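Colleague: I have some labels to check against their cut-offs. Please show me the model.

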Amino acid sequence: MADYVLQLKNINKYFGKNHVIKNVNMNFKKGDFVTFLGPSGCGKTTILRMIAGFYEPDDGEILLNNRNIERVPPYDRNAAMVFQEYALFPHMSVYENVSYGLQVRHLLKAEIDQKVKKALELMQLQGMENRYPNQMSGGQQQRVAVARALVMDPEILLLDEPLSNLDAKLRESVRVELRDIQRRMGLSTIYVTHDQSEALSMSDCIVVLKDGVVHQAGTPQEVYFEPETAFVADFIGTTNLLKVNGTGSHEVEYRNVTIRTDKDVRPGETYFISIRPECTGLSETPVQGKVNVKATIFNKMFLGEKVRYFVHDGADKEWIVDVFDPGRKLVQGEVYVNFPDEKAWLIKG
């Protein structure tokens, strides 16, 4: 049996008559960095707050290291949460903010000093112990908020869009540092974000949600290249999502073009095919050994390392095709979109 730090079993949550979290079941391995990803209002933060103890589920169980915690108050869960707004005490110094939770636990001063020093070193905040939040940049305040969480030696760290208030360049550098610290500490972490690049670059596991339902949980590579639903395929990155019909046990058809798949399909049933733009190419004539769909280019964007083409096929379907290392010559007019069969991922229903 896997070593799980956290388990959610049949979790449901209602706000009035609104069923916001619907029968969620998830297991989280110790030491993993797990990201909740989905559109606004999908339930990411609601689940995080139930794990932290700020909301109680209406149904189901939450187990932290095999201990039921769904009715345990937040201060008894040993699950530290970092909020989007940081929630630092403005009248307290950095040292006082970071040490506050330890003082509430009535630890000895020497032990508090040692733990605070270690947390500040981890977050590169040495020498800032006496500063106040209003004397610090947004990035520094974010580090203080994380240090305040880490100093409590939590069984699980919960992060609710903690980088959203930072500018793009700072956000990228801080997320690299945060992931590095998490790996070195082996700290089980759940991270909420709407930023797909953050989720793909930081995570051991991504949980994709929509309308309170988990559509898929898997590695970044799995959710990107092997989406389980049409929503996941369309939401994660950019894809060409085609509606196709089954014609044989391992074949589907799109506009009289046959696409082979290693999955069983039923003749006459409707499926979806997901093909990433970087897995496609353009040619003036059909390419032997590949699937070829006739289309017409109607727009293009030169992006330096690649050209992104927008094309229409005869079914008025818009395709996106990325051609890397394009040189100076740009393709135009009527073309064939081509791709290998194995790059087309079949989605059932």
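Colleague: What makes cysteine 279 buried?

Modeller: Its relative accessible area is 15%. Buried means under 20%, exposed over 50%, and partly exposed in between, with a 1.4 Å probe and protein chains only. Therefore cysteine 279 counts as buried. Cysteine 205, at 18% relative accessibility, is buried too.

Colleague: What is the basis for these values?

Modeller: This is a predicted model, where local features need pLDDT of at least 70, side-chain atom pairs count only at pLDDT 80 or more, and totals for chains, interfaces and linings use all residues. Residues are numbered from 1 along each chain as its sequence is written, and side-chain values use heavy atoms, without hydrogens and water.

Colleague: Why is cysteine 205 too far for a bond?

Modeller: The closest cysteine sulfur, in cysteine 42, is 15 Å away. The search of the whole structure finds zero disulfides.

Colleague: Why is helix 1 called largely enclosed by the rest of the structure?

Modeller: Because seven of its nine residues, 44-52, are buried. Among them are Ile47, Leu48 and Ile51. Helices here are DSSP runs (H or I, at least four residues), numbered from the N terminus.

Colleague: What makes helix 4 roughly parallel to helix 5?

Modeller: The axes of helix 4 (residues 138-150) and helix 5 (residues 168-185) cross at roughly 15° and come within 11 Å. Roughly parallel means an angle under 35 degrees, so the label holds for helix 4 and helix 5. Their contact (heavy atoms within 4.5 Å) includes Val146 of helix 4 and Leu178 of helix 5.

Key:
Helices (H or I, at least four residues) and strands (E, at least two) are DSSP runs, numbered from the N terminus. Axes are lines fitted to C-alpha atoms, for helices over the stretch in contact, and angles run from 0 to 180 degrees between N-to-C directions. Angles under 35 degrees count as roughly parallel, over 145 as roughly antiparallel, 65 to 115 as roughly perpendicular and the rest as oblique. A disulfide is a pair of cysteine sulfur atoms within 2.5 Å.
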